[in-house]
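Dear colleague,

I am handing over the model that we spoke about, and my notes on it follow directly below the entry. Please read them with the structure open beside you.

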Amino acid sequence: MKNYYITTPIYYPSANAHLGHCYSTIAADVMARYKRLKGFNVMFSTGTDEHGQKIENCAKKAGVSPKHYVDEIVLNFKKLWQILDISYDVFIRTTDDYHVKAVQKIFTKLYELGKIYKGKYSGWYCVPCESFFTETQLKEGKCPDCGREVKKQDEEAYFFKLSEYQDKILDLLENNPEFLEPESRRNEMINFVKEGLQDLCVSRSSFNWGIPVEFDKSHVVYVWIDALTNYINLLGYPYETENFKKFWPADVHVMGKEIVRFHSVIWPAILMALGLPVPKKIYAHGWILFGDGEKMSKSKGNVVDPFVLCERYGSDALRYFLLREIPFGSDGFFSDEAFLKRLNSDLANDLGNLLSRSTALVEKNFNSTLISERFSDENDKNLIDIASSLAKNCEKYIEKMKFSNYLSEIWKFVSECNKYMEVCAPWNLAKDENQKPRLATILYNVLESLRIVSILVAPVMPKIAKEIQNQLGLKDSDCTWESSKKWGVLEENVKINRSNPLFARLDIEKEIKILENINKKDDSGAKISIEDFAKVNLIIAKVVDCEPIKKSRKLLKLTINDGKTNRTVVSGISQYYSPEELINHNVILVENLNPAKLCGVESNGMILAAQSDGRIKVIFVDDIVAGSKIS
Ligand code: ME8
């Protein structure tokens with residue numbers, strides 16, 4: 001079996017995970033899932049980069065120890081990856097014992113080999129980027145990477161002989177076009193190396209939160225040496241483990257463009273010094289920019305909360321949008337509007353509707369089981385031809401990590417299927433009993449096309465792929481990657497299980513307002529008066545009955561007793577609670593909310609819940625009697 005090793009950067013847990021982190025992680029996950037479907041033995045790693053002055057400062061501000069500080073945030077990252085179905089095999093933390101020991105061994109080995117020496121450092125340090133710069137590298141006296149203030153630092157330090165590797169690194173970049181992609185980044189790095197490489201300061205003595213140098217405990221290892229070596233340490237280095245033998249060199253390190261220099265210059269030089277092969281590929285994607293053209297970052301306060309997006313629209317929608325909207329390698333914008341529009345057009349209309357219309361016709365006209373007598377005509381050939389070559393066409397793109405082209409190719413086919421439906425108009429044939437064989441053929445062709453689509457979208461939208469496959473009554477063996485290249489795999493008399501729509505069509509303007517309000521709420525600067533608060537009537541109420549709303553994936557219909565009468569309240573919590581878990585519990589009710597219709601059910605009020613550990617938790621108050629006012 002062939003092996004495949006893909007990594008994400010290990011992220012700084014200085015603040016919670018944001019959409020930018022999701023972007024790299026989703027992309028790497030899609031490749032890992034794709035390769036697994038292709039039969040590869042995959043190692044997919046991610047993790048957190050927990051040392052350094054930035055984290056030390058954040059912890060100090062929060063009044064806790066650095067370890068305590070990062071422990072909390074690492075939980076947040078892990079929760080988000082769970083919600084986003086990130087199928088990592090290893091989550092490495094640079095505070096993990098095995099990593100700490102490996103970093104110490106690597107540092108000592110490089111010192112003993114004469115690749116690291118002791119000297120004096122005088123330079124400018126950017127704390128958020130954890131990077132040193134020379135006077136000439138600064139841009140208008142500020143950090144050339146992020147534009148923030150830098151501070152002068154003089155200290156005794158250890159240096160890595162990076163300058164020794166200038167020719168080798170240049171050769172690597174110039175003569176291996178596949179090593180660093182996209183091309184634009186490669187050119188940038190070639191120019192950078194041509195300007196000359198200086199030895200790199202690889203230890204610090206001005207702060208403590210780092211891995212102590214084994215033979216000189218007054219120094220900690222520079223955070224980038226600590227971080228970059230995660231890629232081999234998680235495989236067991238410096239020991240010759242099975243994993244190390246199988247998976248090193250990595251097939252691809254995925255990252256944002258701002259850390260390419262570390263990965264394509266410093267990292268290969270370290271590996272060369274250790275006598276190890278360099279990774280096969282570094283892929284640097286662009287930045288997700290926010291409305292004002294700024295890179296999204298917590299410190300700039302323009303963060304879109306991925307938990308909220310997943311919670312409201314499903315994690316697959318976010319996975320799809322990020323990879324479809326922005327060509328991988330280029331910068332692109334995130335806006336709620338663009339996200340919601342794609343959700344409506346590509347997911348609810350094109351794909352969701354195709355499944356819904358075709359399965360509805362099978363349910364209604366064939367009692368959910370297609371008959372095997374068929375009658376083909378000319379229109380079918382075109383569809384079958386495109387379907388049969390689709391997977392092969394798509395593979396070219398995903399192999400090159402051109403996710404947007406990959407998805408666009410699939411969606412062209414989905415449009416083709418919708419056109420086929422329009423041209424064949426099966427709903428008209430359904431009126432004539434004699435046309436049943438033709439009707440069966442058309443529906444078979446559409447369902448078989450959807451089977452192929454479900455396999456191809458699986459790396460990007462694992463939940464939706466499974467849902468389509470369940471609705472089509474498919475077995476696992478009908479959904480292998482190889483079977484996406486074959487026509488006619490769907491069984492003759494398959495029994496379908498029609499269910500909820502894949503995606504609900506959204507009222508975009510309304511959703512944008514809701515998202516704005518959620519963001520505003522997060523804006524802790526905004527204050528309200530006591531009079532404003534007093535307008536909200538909060539009371540304790542008892543859940544006396546509860547049932548799912550059939551047409552919806554998320555909503556539960558609760559019957560609530562507010563101490564006087566029963567009322568109906570609709571709540572979007574069915575992903576987190578079964579009706580039984582709510583019945584007979586007391587909850588907090590917003591009693592004077594305007595009534596609203598949700599999926600045809602009138603809701604009178606709202607129950608309070610909290611976002612905790614990446615899920616929604618209803619606030620239960622069983623020891624206070626129903627009807628009690630909260631003030
Ligand atoms: O740099 N758009 O960690 P980090 C796209 N610990 N991707 C983005 C992004 C955005 N707006 N913001 C962040 C570090 N990313 C180091 C890495 S690896 C040995 C050490 C993604 O928390 C992108 O992958 O600052 C970027 O490179 C990474 O997060 C930076 O994460």
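The buried residues of helix α18 pack against α1, α12 (315-325), α13 (336-366) and α17 (436-457), where contact means heavy atoms within 4.5 Å, and where helices (H or I, at least four residues) and strands (E, at least two) are DSSP runs numbered from the N terminus. Helix α18 itself spans residues 462-471 and is mostly covered, with seven of its ten residues buried; buried stands for under 20% relative accessible area, exposed for over 50%, and partly exposed for what lies in between (1.4 Å probe, protein chains only). The seven are Pro 462, Ile 464, Ala 465, Glu 467, Ile 468, Gln 469 and Gln 471. Just after α18, Gly 473 adopts a positive phi of about 70°.

Please keep in mind that this is a predicted model, in which local features need pLDDT of at least 70 and side-chain atom pairs count only at pLDDT 80 or more, whereas totals for chains, interfaces and linings use all residues. Residues are numbered from 1 along each chain as its sequence is written, and side-chain values use heavy atoms, with hydrogens and water left out.

As to the overall division, the chain falls into domain 1 (3-307), domain 2 (336-495) and domain 3 (530-630), with bounds that come from an automatic or database domain assignment. The centres of domain 1 and domain 3, taken over C-alpha atoms, are separated by 46 Å.

Turning to the open sheet, six strands are arranged in the order β3-β2-β1-β12-β13-β7 with parallel pairing, two strands being paired if DSSP finds at least two bridges between them. Strands β3 (90-93) and β7 (180-181) stand at the edges with a single partner strand each, so one side of each is left without a neighbour in the sheet. For β7 that partner is β13 (residues 282-285), to which two bridges join it in parallel, and Leu 180 stands opposite Ile 282 there.

Two helices lie across this sheet. Helix α10 (residues 260-274) lies across β7, β12 and β13, at about 145° to β12.

Within strand β2 sits Thr 48, which is buried with a relative accessible area of 0%. Its side chain makes a polar contact of 2.7 Å with the side chain of Glu 50; a polar contact is a pair of N or O atoms within 3.5 Å, and within protein one must be able to donate a hydrogen and the other to accept it, while residues adjacent in sequence count only if both atoms are side-chain atoms. Leaving aside neighbours within four places in sequence, Thr 48 touches several residues, among them Ile 10, Val 74, Phe 91 and Thr 94.

The ligand is surrounded by 25 residues, the closest being Ile 10, Ser 24, Asp 49, Glu 258 and Ile 288, where a residue is counted if one of its heavy atoms lies within 4 Å. A polar side-chain atom of Asp 49 lies 2.7 Å from a nitrogen atom of the ligand, a polar backbone atom of Gly 20 is 3.4 Å from a ligand nitrogen atom, and a backbone N or O atom of Tyr 12 lies 2.9 Å from a ligand oxygen atom.

Lastly, strand β19 (residues 586-590) is mostly covered, with five of its five residues buried. Asn 586, Ile 588 and Val 590 point one way from β19, and Val 587 and Leu 589 the other way. Five bridges join β19 to the antiparallel strand β16 (residues 538-548), with Ala 541 opposite Val 587, and two bridges join β19 to β22 (residues 606-607), also antiparallel, where Ile 607 is the bridge partner of Leu 589.

With best regards

Definitions and conventions: Axes are lines fitted to C-alpha atoms, for helices over the stretch in contact, and angles run from 0 to 180 degrees between N-to-C directions.
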